[in-house]
Amino acid sequence: MSTTATLATLSDSNLAADPNWWRQASVYQIYPRSFSDSNGDGLGDIKGITAKVPYLKELGIDAVWLSPFYPSALADGGYDVDDYRNVDPKLGTLEDFAEMSAALHAAGIKLIADIVPNHSSDRHEWFKEALASPRGSAARERYIFRDGLGKNGELPPSDWDSVFGGPAWERITEPDGTPGQWYMHIFAKEQPDLNWSNREIRDDFLKTLRFWSDRGVDGFRVDVAHALTKDLTEPLLSKVELTEANTGTDGFPDGSHPFWDRDEVHEIYAEWREVFNEYNPPRTAVAEAWVHATRRARYASPQGLGQAFNFDLLQADFDAEEFREIITRNLAEATATGASSTWVFSNHDVVRHATRYGLPKGGGVHAKGQDGKGWLLAGAPAEELDVELGLRRARAASLLMLALPGSAYLYQGEELGLQEVGEIPDAERQDPSFFRNKGVEIGRDGCRVPLPWSAEGTSFGFGTGDAHLPQPEWFSRYAVDAQDGVEGSTLELYRKALKLRRELQTAEELEWVETGNSQVLHFSRHGGWQSVTNFGSEPVELPAGEVLLGSGPLEAGKLPANTTVWLR
């Protein structure tokens, strides 16, 4: 039997007892290039992850979500993929991946791989072939090429902007050396959008899903899941027309946008579901879909991907009423659709929540403009950040989240209470959004700085050499070895919480307990355990019961401000 077949069998037997493991899983996101460096070249790698499996097992997570590890020029942190069925040689080999997969499964940890279907990189063999081929060729039909406007095609096909700033179209030079067509890229110009109306694209991605599933991957996180299908019927709408047509508060509620959240995208995911169901147990998937709340359920349907991120808590201020409304609404949606709720506070794209919560007004993301980006753009002034308050709130919010029914997504380093790194020199930044939108976007490098494993060393134990992004001196206080076994440390809080969560989890529902205090959120779960969070500024009386765990110490038997406890 081949190594691949052996791994697939191992994965299947490991999961067969519970095909619904993902519904209330604790999933830990690893950004591979910043997790652990095994060979001292400054980049985290696959062997580095394998070496840290004992740490992950002790942490108590159920699954690892691996951000892109494919060959890439890193024009967008690995989300510009050169080859969907290989490992970046700077990170390792397919054999290294097999060893990592086997080690995770042996530790009882599932493996979720990031997949990036909206676009390839401009170094992908398909795109290189498209550039070398003429207009109207089959090679160009794999992407979205259009003739330009203007007398000589010198203007882009539309005035749309890319997410990273600048136009969403890039002009090419034809094989004969003349100025040529334009290709569409919603993100960086190094990320040409694929043409999902092309059957070849659809079939090739089905092949990719099987390729990784056969190598022990238990599920997929689908990047920009709402952008694949597009209606580019001419004339293309202008930016102004698109803005005027958007009647929703968070996207187009009728699916009419030319490239975001179109109904046809679900035809693709129905085919993916057929592939997932070829395996025993079925492979899982979760959609990254920034869509109108009324349209999220289709991505999470059992006929589709099965689960979709909700970023509502991530976008909220540290506010009791806002938290309660979001939790109530999302659980109701999950019940109505049969999906599983997802909860997340931090990831590789946003300012870490321990920092957001220490900024004025609590640091909520996007909705109120308190996403921390303005603070970073201003040079991350220390006097505006209350580090201690941010950490207290982050610990309280995380403990509350881990008490909720549904799956919890954690981002590497949050279990250390890690803060956003604001003091990165411009010359050492890597995020394309910083360079393409200078003065407007600071980029996402601050949450992608390599982890501190030890309080000392060139890169705080990340590797034997320097890290690919600069680590500040204060990282030593957050290092794993500075917290390991230390009562009250954030690392030990997460370890205890994740262990208890696994023991206590039951039905995917909760019951609110009225407290008479609008600053306190109190709910109970099946089996008689409860979570109480004090969002206010003064201590409050605790209900009767055995304290199982607290995000901070009690004060004379009372629940302090910005603190969560679990009771039984």
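This is a predicted model: local features need pLDDT of at least 70, side-chain atom pairs count only at pLDDT 80 or more; totals for chains, interfaces and linings use all residues.
Residues are numbered from 1 along each chain as its sequence is written, and side-chain values use heavy atoms, with hydrogens and water left out.

Strands (E, at least two residues) and helices (H or I, at least four) are DSSP runs, numbered from the N terminus; two strands pair if DSSP finds at least two bridges between them.

The open sheet has seven strands in the order β8-β7-β3-β2-β1-β10-β9, with parallel pairing. At its edges stand β8 (284-287) and β9 (342-344), each with a single partner strand, so one side of each lacks a neighbour in the sheet. From one strand to the next, the twist averages 25 degrees, where axes are lines fitted to C-alpha atoms, for helices over the stretch in contact, and angles run from 0 to 180 degrees between N-to-C directions.

Turning to the helices, α14 lies across β9 and β10 (407-411), at about 145 degrees to β10. α17 lies across β1 (26-30) and β10, at about 160 degrees to β10. Contact here means heavy atoms within 4.5 Å.

Eleven of the 15 residues of α17 are buried, so this helix is largely enclosed by the rest of the structure; among them are Y494, R495 and R501. Buried means under 20% relative accessible area (1.4 Å probe, protein chains only). In α14, the buried residues include G390, R393 and M401.

Conventions: Buried means under 20% relative accessible area, exposed over 50%, partly exposed in between (1.4 Å probe, protein chains only).
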